[in-house]
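Please consult the sequence and the coordinates shown here while reading.

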Amino acid sequence: MVNDNLKILLAGEVKALFELKKTERLWHIPVLASLCVGIPLLVGYYFNRLDYGILACIAGLVILYMPSATVARRMITLLACSFGFMVSFFIGVCFSFNPIISSVVLGLFAMSVHWIVNYFRMKPPGGFFFIMIASLASCMPFNLETIPIRVGLIGMGAMLACTLALLYSLFVAEKHSPKKELIVVENNNETTLFESVIVGVFIFLSLITGRLLELENPYWLPISCAAVMQGASLKHVWQRSFQRVLGTFIGLGLTWLLLLFKMTPLTICICIMVLQFIIEMLIVRHYGLAVVFITPLTLFLAEAGGAMTVDATTLISVRFLDIFLGSCIGAVAGWFLHDEQLRHKAENQIRKAKTRISRK
């Protein structure tokens, strides 16, 4: 009986590993995302400032928060998220002068972001990209003079995405009659507070782990951790963790093959645009398959111009270790997030604390 149940469970996991989900997502969104990411890159390449283009293109990912709603609702959401991107980067880069302080601040920031995202009932990708941008900024070399320029580049990239979203909404999306959405605001509760604390603690642990191990780019750990924690259930978290590790392994192989070619900065810009399109086509259908292409995309963005000269084998081995550690930490965090007994005890303690405070 146990063997039969185990076989059924394994069969279900294997099916989930290869199953492509159905989606009603239009092909317009992947194209739009590619333009939001690619245009800043090409502008940066043209002016011989690919580093500026990369910062702006990361902010272009705000387009992924565009809801299927009215034009006004879309623009309000994107403008609010654009401001959030700028705040995320500003907070991360301002405290990057000290590894311990930056880790603590990132944990507190992740906790706040998770609380806000749940408060406004934001749909996926939720708080992931806010945490990702803050993680990247936290690991940048601290230079007070360049902070305004960097934040401005984030703002310019986000505003370009908003402009393209407005044009898309006026001339293309209206023909497809998007459904109207209401802004749902719910009061904070014990569950949201409990989840926010767990997210903040494990994002802090992931970055401080990378710092203590003296990894070259420790931001991969909190980014991987945040990606895995997005699972809607404990089973989903473990599936994401497994798919992320497996997808990363295969994706690193793809990256290694790409790095064998003599890639120019222009080639990398075009490659990033193509990868972004493929990712947006796959992410809603199969997370693990999308990770295969997310891996080379993020590596090209992170390594910038150095991707042509760095040793491919060394880069691959280091990045796999980073992502593997981050995914493992995220899987443990997912267990804390979805363990019913722990959640129940934590909620009771929070209620008791609230009662004591209100009596005082």
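Q: At roughly what angle do the axes of helix H2 (residues 28-46) and H3 cross?
A: This is a predicted model, and the angle is computed from it. The axes of H2 and H3 come within 7 Å. Their crossing is right-handed. The angle between them is roughly 165 degrees.

Q: Which term describes the orientation of H2 and H3 to each other?
A: The axes of these helices cross at roughly 165 degrees. Angles over 145 degrees count as roughly antiparallel. The orientation of H2 and H3 is therefore roughly antiparallel.

Q: How do the residues of the contact of H2 with H3 divide into nonpolar, polar and charged?
A: H2 contributes Cys36, Val37, Pro40, Leu41, Gly44 and Tyr45 to the contact, and H3 contributes Leu50, Gly53, Ile54, Ala56 and Cys57. The division is 9 nonpolar, 2 polar and no charged.

Q: How many nonpolar, polar and charged residues does the contact of H3 with H7 have?
A: On the side of H3, the residues are Tyr52, Leu55, Ala56 and Ala59. They meet Ile149, Arg150, Leu153, Ile154, Gly157 and Ala158 in H7. By class, the contact has 8 nonpolar, 1 polar and 1 charged residues.

Q: What is the geometry of the aromatic pair that tyrosine 65 and phenylalanine 129 form?
A: A search of the whole structure finds 12 aromatic pairs. In the pair of tyrosine 65 and phenylalanine 129, the ring centres are 6.2 Å apart and the planes are at 75 degrees. Planes over 60 degrees apart count as edge-to-face. The geometry of this pair is therefore edge-to-face.

Q: How many residues apart in sequence are the parts that the pair of tyrosine 65 and phenylalanine 129 ties together?
A: Tyrosine 65 lies in the loop between H3 and helix H4 (71-94), whereas phenylalanine 129 lies in helix H6 (residues 128-138). Tyrosine 65 is buried at 7% relative accessibility, and phenylalanine 129 is buried at 11%. The pair ties together parts whose separation in sequence is 64 residues.

Q: What is the angle between the planes of phenylalanine 85 and phenylalanine 130?
A: These residues form an edge-to-face pair with centres 5.2 Å apart. Phenylalanine 85 is in helix H4 and phenylalanine 130 in helix H6, so the pair ties together parts that are 45 residues apart in sequence. Phenylalanine 85 is buried at 0% relative accessibility, and phenylalanine 130 is buried at 8%. The angle between the planes is 90 degrees.

Q: Which residues do ring pairs link into a cluster?
A: Two of the pairs have been described above: tyrosine 65 with phenylalanine 129, and phenylalanine 85 with phenylalanine 130. The cluster linked by ring pairs consists of Tyr65, Phe85, Phe128, Phe129 and Phe130.

Q: Which residues is serine 88 in contact with, leaving aside its neighbours within four places in sequence?
A: Serine 88 is found in helix H4. Its relative accessible area is 1%, so it is buried. Beyond those neighbours in sequence, serine 88 is in contact with Phe109, Phe130, Ile133 and Ala134.

Q: Is asparagine 48 buried or exposed?
A: Asparagine 48 is placed in the loop between H2 and H3. Although it is not a glycine, its phi is positive, at about 60 degrees. Its relative accessible area is 69%, so asparagine 48 is exposed.

Note on methods
Residues are numbered from 1 along each chain as its sequence is written. This is a predicted model: local features need pLDDT of at least 70, side-chain atom pairs count only at pLDDT 80 or more; totals for chains, interfaces and linings use all residues. Side-chain values use heavy atoms; hydrogens and water are left out. Contact means heavy atoms within 4.5 Å. Helices (H or I, at least four residues) and strands (E, at least two) are DSSP runs, numbered from the N terminus. Ala, Val, Leu, Ile, Met, Phe, Trp, Tyr, Cys and Pro count as nonpolar, Asp, Glu, Lys and Arg as charged, and the others, Gly among them, as polar. Rings of Phe, Tyr and Trp (its six-membered ring) pair if their centres lie within 6.5 Å; planes under 30 degrees apart count as stacked, over 60 as edge-to-face and the rest as tilted. Buried means under 20% relative accessible area, exposed over 50%, partly exposed in between (1.4 Å probe, protein chains only). Axes are lines fitted to C-alpha atoms, for helices over the stretch in contact, and angles run from 0 to 180 degrees between N-to-C directions. Angles under 35 degrees count as roughly parallel, over 145 as roughly antiparallel, 65 to 115 as roughly perpendicular and the rest as oblique. A crossing is left-handed if the near helix is turned anticlockwise from the far one by less than a right angle, and right-handed if clockwise.
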